[in-house]
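Student: Please show me the model, and let us then discuss it by question and answer.

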2 protein chains.
Amino acid sequence: MTPQRMAILNYLKGNLEHPSAEDIYKAIGKKFPTMSFATVYNTLETLKQMGQIRELYCDPYKKRFDPNPNPHHHVVCTQCQKIVDLQDEIRIKPPTLTTEKFEILGSHIEFYGICSKCKSKNSSSRKEETIYVKNRTGS
Amino acid sequence: MTPQRMAILNYLKGNLEHPSAEDIYKAIGKKFPTMSFATVYNTLETLKQMGQIRELYCDPYKKRFDPNPNPHHHVVCTQCQKIVDLQDEIRIKPPTLTTEKFEILGSHIEFYGICSKCKSKNSSSRKEETIYVKNRTGS
DNA sequence: TATCATAATTAGAATTATTATCATATTAGA
DNA sequence: TCTAATATGATAATAATTCTAATTATGATA
């Protein structure tokens, strides 16, 4: 356990925003200005291997990281890529694969939609809506 | 409707492999050697807008395309990124969001696991298993 | 405490997938 | 056929991520 790892883990734990590697790099950079991007990626990979965090793929533009490794599901805004945890316990049967034999290890439900912030943005300025759709950074 | 578009659409329809843009480029390239990668991406974007195909994000390394735009779910191999359609009709309740108000537009379930091919690969040559994990191309 | 092996960090280059630009070519409609 | 609109192809640009190699920190042991 190095200071950098502590900082990254601390930042992640208790963060509900499902930050990307860049988010983490920027946030930690304030405390550790010398820290490199590679360390962020290395640490995230290590934490993932250790089962401390989970990597999410529901943001099509970048990987996102979830400090809660326990199985749960997500709601994703298709405009700003905001990801929100779902508390609901959803029970689904394992699939009946007819042609392919898979060893199923887990499942993940993604609900897609528009968050309230984006919805109000849309209605207030319709002309610009393609900007919100195409701009990856969500800014 | 241009010849290139026809070729891409024809290739997609009736393809169960959920190909990536590169897969499509390579496959169509045999018939249209002059076709550019940009055309593949442009066409896929157009077809997506038209609602003819669906873009999948469950492969962490690249976007994958599904010729079936109707709602259905998938099983993904975490080693070779093989994606298989699920025929099962799975009914899930829309989530009860307490803090955030989302307009939910759809949902997608991903089951994760190991396909039979990767499972036999693993047991037959354990020493090389990191190769299969790290090699993105799945080859 | 000094030494050593191991693992972590850094900076930067390299890679991969994807998107943008723009000149040219093609298409579809009058 | 003519023309405007759109598609294509070559290439450059970008963004996220991974790799490399040199340096540095860490922790165990003498």
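**A buried histidine and the chain interface**

Tutor: B:H73 is buried, at a relative accessible area of 8% (buried means under 20%, with a 1.4 Å probe and protein chains only). This is a predicted model, in which local features need pLDDT of at least 70, side-chain atom pairs count only at pLDDT 80 or more, and totals for chains, interfaces and linings use all residues. Residues are numbered from 1 along each chain as its sequence is written, chains are lettered from A and ligands numbered from 1 in the order in which they are written, and side-chain values use heavy atoms, without hydrogens and water.

Student: Which backbone nitrogen lies 2.9 Å from a polar atom of the side chain of B:H73?

Tutor: Residues that B:H73 touches include B:V84, B:L86 and B:I109, not counting residues up to four places away in sequence (contact means heavy atoms within 4.5 Å). The nitrogen at 2.9 Å from the side chain of B:H73 is that of B:I109.

Student: How many residues of chain A are in contact with chain B?

Tutor: By class, the side of chain A that touches chain B has 21 nonpolar, six polar and nine charged residues (Ala, Val, Leu, Ile, Met, Phe, Trp, Tyr, Cys and Pro count as nonpolar, Asp, Glu, Lys and Arg as charged, and the others, Gly among them, as polar). The residues of chain A in contact with chain B number 36.

Student: Which residue forms a salt bridge with A:E100?

Tutor: The count between chain A and chain B is one salt bridge (a side-chain nitrogen of Lys or Arg within 4 Å of a carboxyl oxygen of Asp or Glu). With its closest N and O atoms 2.9 Å apart, the partner of A:E100 is B:K82.

Methods. Buried means under 20% relative accessible area, exposed over 50%, partly exposed in between (1.4 Å probe, protein chains only). A polar contact is a pair of N or O atoms within 3.5 Å; within protein, one must be able to donate a hydrogen and the other to accept it, and residues adjacent in sequence count only if both atoms are side-chain atoms.
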